[in-house]
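Here is a walk through one structure, from ring pairs to helix packing to backbone. Keep the model open as you read.

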Amino acid sequence: MVSPRKLAANTQNATKSTGPRTVAGKRRSKMNATAHGLRAIAPVLPGEDPAAWDAFRAGVAADLCATGALETELAERVAVLTWRLRRVATFEVASAVAPPPPPAKPFGYFSLPLEPAPEEPTPEDVAEDLAAAERELADLRHFAELLPKVSAGESLSGPDGMRVLRRLATYLPEPDAPEADIDVDADEFLAALGVPERWTDCPEAWDGWTPEVMRTGLERLATPAEWTVERLLTTAAHFDAEDVAAGILKVDGFRCELATATAGKAEREANAARRKAVPDEAALAAVMRYEPHLAGQLAQALDMLARVQDARRAHLERGANG
């Protein structure tokens with residue numbers, strides 16, 4: 001027996017959730033449990049075209065030559081049953097083209113959990129990697145174009161001058177002591193080149209990058225390694241050519257990966273759409289079970305309509321002969 005206190009609490013809680021109250025909310029919620037639509041009260045389900053239903057219903061009524069309220073009602077029933085039977089064919093086609101579900105992986109008390117499969121890169125991720133590789137390749141090629149200008153003693157802009165010095169520093173051998181590593185962005189290095197103190201934070205914007213300044217920078221890079229400037233430039237040209245070749249292969253690899261990822265995404269989306277169009281096992285069983293049931297109801301409706309029409313024509317003939 002429910003206590004008065006619990007009964008009062010149940011009564012109060014029941015007032016807090018009464019479901020959708022608006023007309024639009026009730027219209028949406030009444031379709032929440034729709035699985036296959038064969039027993040639906042509304043002839044048109046979400047995703048179906050109301051205009052197509054109206055045209056179909058009018059065509060059926062015209063073909064059956066319905067006259068009067070009873071014949072019109074029977075013709076309407078024929079149209080509804082035929083409309084629902086059309087959904088059976090849709091489900092059958094969808095189930096035929098959809099891929100089978102993946103087999104379940106066995107897991108028992110004495111089996112170890114399997115390692116999760118690595119996630120495939122998305123086309124967006126591969127596109128970002130491709131863009132980064134293309135920018136890196138473009139920078140390598142631009143550096144290769146600047147080296148002959150440096151060797152010929154031509155003037156460079158501030159951004160190109162700093163680009164050359166930074167990349168040349170990466171081709172130097174590793175120093176014996178880490179503190180001996182050369183930092184071309186350090187204030188001491190820039191000051192030795194003649195860069196004014198107020199430009200050391202942004203040396204690219206300084207307009208004093210003459211061939212003499214570049215030569216001084218090359219010598220300060222080559223001397224600690226006991227290299228000549230010519231050896232430094234030759235070594236840089238050699239390794240940069242290898243980096244360019246590797247960069248081309250890297251870009252081509254990302255382009256192939258992007259094409260594969262894009263094709264794979266399109267295939268996965270198509271498979272997901274096909275699987276979504278197929279009902280679950282219970283719904284599909286209901287479809288197969290109700291197909292003959294609907295066909296039987298349709299045959300009864302057509303037979304009843306034919307009898308009503310025969311009776312009407314016989315009545316008209318007796319009236320004309322009497």
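Start at W206, which counts as buried at 12% relative accessibility. Buried means under 20% relative accessible area, exposed over 50%, and partly exposed in between, with a 1.4 Å probe and protein chains only. The model is predicted, so local features need pLDDT of at least 70 and side-chain atom pairs count only at pLDDT 80 or more, while totals for chains, interfaces and linings use all residues. Residues are numbered from 1 along each chain as its sequence is written, and side-chain values use heavy atoms, with hydrogens and water left out.

Now the rings. The structure holds 6 aromatic pairs. Rings of Phe, Tyr and Trp (its six-membered ring) pair if their centres lie within 6.5 Å; planes under 30 degrees apart count as stacked, over 60 as edge-to-face and the rest as tilted. F143 lies in helix α5 (residues 123-151) and Y171 in the loop between α6 (158-170) and α7 (187-193), so the pair ties together parts that are 28 residues apart in sequence. Helices here are DSSP runs (H or I, at least four residues), numbered from the N terminus. F143 is buried at 0% relative accessible area, and Y171 is buried at 11%.

W206 pairs with W209: the centres are 5.9 Å apart and the planes at 65°, so this pair is edge-to-face. W209 is buried too, at 3%.

Elsewhere, ring pairs link W53, F56 and W83 into a cluster. R86 lies over the face of F56, 5.0 Å from the ring centre. R167 lies over the face of F143, at 5.8 Å. A charge sits over a ring if NZ of Lys or CZ of Arg is within 6 Å of the ring centre and within 35 degrees of the ring normal.

Next, helix packing. The axes of α6 and helix α8 (residues 211-222) come within 10 Å and cross at roughly 10°. That makes α6 roughly parallel to α8 (angles under 35 degrees; over 145 is roughly antiparallel, 65 to 115 roughly perpendicular, the rest oblique). Axes are lines fitted to C-alpha atoms, for helices over the stretch in contact, and angles run from 0 to 180 degrees between N-to-C directions.

Last, the backbone. C65 has a phi near 55°, a positive value in a residue other than glycine. C65 is exposed, at 52% relative accessibility.

Definitions and conventions: Helices (H or I, at least four residues) and strands (E, at least two) are DSSP runs, numbered from the N terminus.
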